[in-house]
Amino acid sequence: MAAHLKKRVYEEFTKVVQQQHEDLSAKKLRLTKPSKSAALHVDLCKATSPADALQYLLQFTRKPVEVESVEGVVRILLEHYYKENDASVRLKIASLLGLLSKTAGFSPDCITDDAINTLQNEKSHQVLAQLLDTLLVIGTKLTENPSVRMRLVEVACKHLTDSSHGVRNKCLQLIGCLGPVEKGVAKEAESQAAKDVQKIIGDHFNDQDPRVRTAAIKAMLQLHERGLKLQQAIYSQACKLLADDYEQVRSAAVQLIWVLSQLYPESIVPIPSSNEEIRLVDDAFGKICHMVSDGSWVVRVQAAKLLGSMQQVSSHFLEQTLDKKLMSDLRRKRTAHERAKELYSSGEFSSGRKWGDDAPKEEIDTGAVNLIESGACGAFVHGLEDEMYEVRIAAVEALCMLAQSSPSFAEKCLDFLVDMFNDEIEEVRLQSIHTMRKISNNITLREDQLDTVLAVLEDSSRDIREALHELLCCTNVSTKEGIHLALVELLKNLTKYPTDRESIWKCLKFLGSRHPTLVLPLVPELLSTHPFFDTPEPDMDDPAYIAVLVLIFNAAKSCPTMPALFSDHTFRHYAYLRDSLSHLVPPLRLPGRKLVSPPVSPSITPHEDPSQQFLHQSLERVYNLQHLDPQGIQELLEFTIRDLQRLGELQSELAGMADFTATYLQCQLLLIKALQEKLWNVAAPLYLKQNALASAAAKQILEETYKMEFMYSGVESGQVVIIHHMRLQAKALQLIVTARTTRGVEPLFGMCEKFLQEVDSFQRCFISELPHMQGSFVDKLLDLMPRLVTSKSSEVVKILQTTLRQSTFLHLPLPEQLHRATANIIEPTGESDNPLRFTSGLVVALDVDATLEHVQDPQGTVKVQVLYPDGQAQLIHPKPADFRNPGPGRHRLITQVYLSHTAWTEPCQIEVRLLLAYNSNRSKASAKIPKSTWSESLEALPQSENGIEGTIPFSKPVKVYIMPKPARR
Amino acid sequence: FPEISYLFFFCLGAGAGQDVGRSCILVSIAGKNVMLDCGMHMGYNDDRRFPDFSYITQNGRLTDFLDCVIISHFHLDHCGALPYFSEMVGYDGPIYMTHPTKAICPILLEDYRKITVDKKGETNFFTSQMIKDCMKKVVAVHLHQTVQVDEELEIKAYYAGHVLGAAMFQIKVGCESVVYTGDYNMTPDRHLGAAWIDKCRPDLLITESTYATTIRDSKRCRERDFLKKVHETVERGGKVLIPVFALGRAQELCILLETFWERMNLKAPIYFSTGLTEKANHYYKLFITWTNQKIRKTFVQRNMFEFKHIKAFDRAFADNPGPMVVFATPGMLHAGQSLQIFRKWAGNEKNMVIMPGYCVQGTVGHKILSGQRKLEMEGRQILEVKMQVEYMSFSAHADAKGIMQLIRQAEPRNVLLVHGEAKKMEFLKQKIEQEFHVNCYMPANGETTTIFTNPSIPVDISLGLLKRETAIGLLPDAKKPKLMHGTLIMKDNSFRLVSPEQALKELGLAEHQLRFTCRVHIQDPRKEHETVLRVYNHLKGVLKDYSVQHLPDGSITVESILIQATAHSEDQGTKVLLVSWTYQDEELGSYLTSLLKKGLPQSST
């Protein structure tokens, strides 16, 4: 009804507008829905000048055209095309043809010939280019039709001799996209004009216009992408293009060379100006290296990126990229002990002294320089020193990829990566730290390198520090001094930035477990034990002391001799830490200490199976006991829920699964409780209580189902059905409750209708799952559907009630992996007693730092909620850039929340928490509905089904003490 | 018309040639005279400090001789003699420099004047007013802006790195061009980007070659070491003295330390001795577009030159306890504030002095760098140096590799090395000739180098003719020369290629046709028309690509060539073929005659 009304209002409104316009007739035609072609025809005939016609066409473009009328419209347009003298109108028509042929569901077969014919007599180059573009659209839509494609390619070849670059451009593009790729077709086509597309395109590598040259290379790349094997002969041509004057040509040529080097890595090419020959991939590598010092940064980025993926290159070529000092030999000297000395000598102010050293070397080395065209040496040195950070990042990435595949190269590039830790742009620093982490299995840090790495720990950017901690987690250190240095620097970091505590502990945990033998000799010093004297017991709450202990205990895990060095209080502290920080401190087998060597100790792995088994067994038990008395069922459910929850706490890997099932059982339990027959039959005065209980239960079940659907990652359609089914039951319960409390039929009627619609949509969404739901609520309901639709609302309610009670309880299948989304607010900590003071009416920024786990698409779903003591709630959408992704499944939110309030008399606490927003539209169920019917269902479904949006709090709230002061006058 | 134009190259005084010092180069290109840079020599205090401008013209006025003067950047060895040159010697023509150079140059000149006149008490030196007057003659240019000096001479500036506002200049007359690099830097630093030039293919590239034999280590190591040293000293409570020259490297080091302090959250104070630096810093803040990517990108949030941690230095601060870092002038520790502070701090081994540049022999800086631990100061005092002495070069010149890279980018036809030591230049010259196969020159001071160019001469062609000629041939091929017929008209210093008809029309001449006729004797006893038919068939067979026609009047045409046959008056067995062609068809005509002279093939029929 409402929709109907809206339509009418809209109609009237348009009429008003219409009267203001002068050309009534044209508008009216469209309102009465004439065929588009007719309207267009009228418009175009009326047009007196080309400008008018252009206007009409422009207007026409803005409106969509139905699939059925496309052909008609095309015919009209073509008709006008031939009549039109003005090139700009013809151009517009040509572009419209292309747009129209893109219409989904329209097959441009029928207009191909006409489109080709238009080319015959066209004089304007621009229109020609546009027409060719249209042909390209048509061709791409008709990929299965080789004969059409052949014709189009032929047409394109014919126009390749055009004098306009635009036309040649489009021709090449068309050939690239549609040219025959398969061998068979090519043979068949040989009789025709288009023989060898590669040759045709290759001829245009030397075109006089740079844009055409670029298009030719791009067309070649396009052919490659479509699966044609490019000929090796192109290689020499492409090499010449590297010296082109225009950057886009060079950029495309670099790509082409890369493609060829991947296709023919092992072929041999001669080196010009000498008799030697090298592998093609090496030659190409050298050439691309050369481009790293190109004049245009676009080309430099391109080249640097591509270098990374050339893994077949031989190692001595690869290593040259890091060796800028081929001539003056400074780098080679650069070992740890000579550093200080070398530093002075490399202090580059050319003091005539050094002249004698490097001059003769140059002459010896020129041969070597020519071997790999001079640019290749030091390509990465240049790339990493480039002025554009885009190039530097690309170079770091390339280094990373190459180092991952070649351990020796990884060792060599270490110095350079370490240098990048001091780049002026943070992104570059971060990228290089990440790179280093990725290659860390291949390398061992020398002490001086470690020193530079550790110096970065003082960086004020948290991202950098944390990336560095991650890096330290997986680095190999060679000496015990190294470990000591790392520990000292980490502790320094800890005192400077106490918020890094967790991250540092974690880092030390890995550092300890990786280098037990190096830690061993350090133990007495670290614990400051003395052979004769007792030393004072350190403060157990000192984060620095905990850090040291974490390092030692983790090292002790694989070093049984270490505990002998511990003093008494160390054992006590161990017991304490093992309990309080169990994720950082491993179980140790400590001799003679019964207290800390419990049976729980060493092996954890065999445990996994029993707990999984336990989970399944308890679920089985619940599912099998269908016919117990309600009391028994309730008790069993309660016990199982309790068991599952405890299991979740104990076994972190099963937590998601256990929580999920526990929630489900909880819902079931609530439903059973609410439906208890005894209560429903009692006298009227008790209704109220029962109603309150039942409606609360229904509400809670609804909430829980949303949690189940949106808070867990890994939920599959099998679970979604069950969840939706549970939700449907809750809605039924709600309906029953309202039916019993409200008087009058009118409101109830609407509710019933709505409910039935929901059942309907449920059926539509999950039609494939219905066979698995024998005996369930929905199954029974669907059987009764014809009856329900016709009967009165009070009867519907009655039927629902009985069905609800009789329906069986569905088995919830468990997916492989199920993780619950969790969030943990690290900052604000909520410990501060100092209120955050600010002037009322102004804003104060509160830093929020939280870790999120297993949240899909956090940018879209995670919100921050601020609750003020007066009940005011504020919802903040963090910027997408505030989310970082440190690892798979993990996210980190670092954002600022702006608070403001009117003046308070005294400080008070506000609550900050994270919410997970959901929208039932986005649910996995509705995603399954095919796209084409989507718009229909949008209209058909009631508004409520589509628009349920809500939020689930998924982090513990943190209290922040604030104090808005009154403004001073 | 192979025209030879020459570039006349000339260095004034002991500067730009094979020496580091005053730069002043005179280039004569296609009749235009340009002076590049006008520097002074720091080492002299007499007449030798300025170039001898009397070389240029013996008695004429400079303004008449020079078309323009170009200053590449604000260092005194490139612009120090400018007021002397323009005001005292007398030059009123235009002087070109970039905007930052124009802004900062007078500050340095004024400083230089003050030191020479006020401190050393010299007379006969340029005055403040002269500096002002001189700057009025300056025309400021933007990067990549083509400035038309006069109708033929144009100049264009390219970014050169080195110092703020440093530029390379392309000087172009007609199709001949010279690029002068000034000082440039191919590796970016903390406040400036790298030099860049497009593929302008000049006839001559004049490049500096200060570091002709060095290939520098990565800048990062040096920066890191510098920072590490400063950090360590500050951490153990020592004081760091960094003697600098006021402009250029000082700003780079400031940025470096400032960002490091920011990153590492350090609290120790950094001071910069005031003076002309403050004024200069102001310009650094202003000319953001001339700085590197990082500063350009972040200046919206915060201008990097608005230092947060670096404060102005006061003499009293030197005695403050606790760690600090001080930048003080001058850079060689020979006088002034840096020396005062040095004397105060030298006795403590916790302190450190970092020399960021080259020190001239005889200065305190040079002494301590060469390891001297006991210094004799004025008044017979002995100063014992206990503080650590570090040397750290942050030079902003291109190294050998950078020079090669620039040559590769610009693709010049000739290279000329200046601003370097002869021995080193020799090495680089050899290298350039070997790699790029171009001529390389390295003239000494006062030596003239002449370079012959092979200029291409542009000719205007009428559109009609171009279209007609392209229509005849196949598609145009960029790589192959193409033959076309036309008339070249040279008139009023311009060249035009037009069709012959138009040329005739313009010249008011009637068209004359030139025809060649030739008789060929053929032994053929048959009748005339049969002979003609045989000839026709023969030609048809041989000349497949041409239209061969047999006309009803008994003659044959091949394209526009006419062939007629008559019987020989004396010998009926000999036929005379008359071949006639126009001058335009000379090629085909002569081919045809030679073909016919060979005789007809013996036909089977």
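Contact here means heavy atoms within 4.5 Å. The views below are taken from a predicted model.

**View 1. Helices H22 and H24 of chain A pack side by side at an angle of about 0 degrees.** H22(A) covers residues 389–405 and H24(A) covers residues 426–438, and their axes lie 9 Å apart. Because angles under 35 degrees count as roughly parallel, H22(A) is described as roughly parallel to H24(A). From H22(A), the residues in contact are Tyr389(A), Arg392(A), Ile393(A), Val396(A), Glu397(A), Cys400(A) and Gln404(A). H24(A) meets them with Glu427(A), Val428(A), Gln431(A), Ser432(A), Thr435(A) and Lys438(A). By class, the residues of this contact between H22(A) and H24(A) are 5 nonpolar, 4 polar and 4 charged.

**View 2. Helices H31 and H32 of chain A pack at an angle of about 90 degrees.** The axes of H31(A), residues 543–557, and H32(A), residues 568–580, are 11 Å apart. Since 65 to 115 degrees counts as roughly perpendicular, H31(A) is roughly perpendicular to H32(A). Tyr545(A), Ile546(A), Leu549(A) and Phe553(A) are the residues of H31(A) in this contact. On the H32(A) side are His569(A), Thr570(A), His573(A), Tyr574(A) and Leu577(A). The contact of H31(A) with H32(A) holds 6 nonpolar and 3 polar residues, and no charged ones.

**View 3. Strand S5 of chain B is covered on both faces.** S5(B) consists of residues 95–98. Ile95(B) and Met97(B) lie on one side, Tyr96(B) and Thr98(B) on the other, and all are buried.

**View 4. S5(B) pairs with strand S4 of chain B and with strand S6 of chain B.** S4(B), residues 68–70, runs parallel to S5(B), and 2 bridges join them. Val69(B) has Ile95(B) as its bridge partner in S5(B). S6(B), residues 138–141, is also paired with S5(B) in the parallel sense, over 4 bridges. In this pairing, Met97(B) stands opposite Ala140(B) of S6(B). Both Ile95(B) and Met97(B) belong to one side of S5(B) and are buried.

**View 5. Two stretches of chain A have a pLDDT below 50.** The average pLDDT of chain A is 76, and 81% of its residues score at least 70. Below 50 are residues 184–194 of chain A, a stretch with 13 contacts in the model beyond near neighbours in sequence. Residues 594–607 of chain A are also below 50, with 8 contacts in the model beyond near neighbours in sequence. Where pLDDT is low, predicted coordinates should not be read in detail.

Key: Residues are numbered from 1 along each chain as its sequence is written. Chains are lettered from A and ligands numbered from 1 in the order in which they are written. This is a predicted model: local features need pLDDT of at least 70, side-chain atom pairs count only at pLDDT 80 or more; totals for chains, interfaces and linings use all residues. Side-chain values use heavy atoms; hydrogens and water are left out. Axes are lines fitted to C-alpha atoms, for helices over the stretch in contact, and angles run from 0 to 180 degrees between N-to-C directions. Angles under 35 degrees count as roughly parallel, over 145 as roughly antiparallel, 65 to 115 as roughly perpendicular and the rest as oblique. Ala, Val, Leu, Ile, Met, Phe, Trp, Tyr, Cys and Pro count as nonpolar, Asp, Glu, Lys and Arg as charged, and the others, Gly among them, as polar. pLDDT is the predictor's confidence in each residue, from 0 to 100. Buried means under 20% relative accessible area, exposed over 50%, partly exposed in between (1.4 Å probe, protein chains only). Two strands pair if DSSP finds at least two bridges between them.
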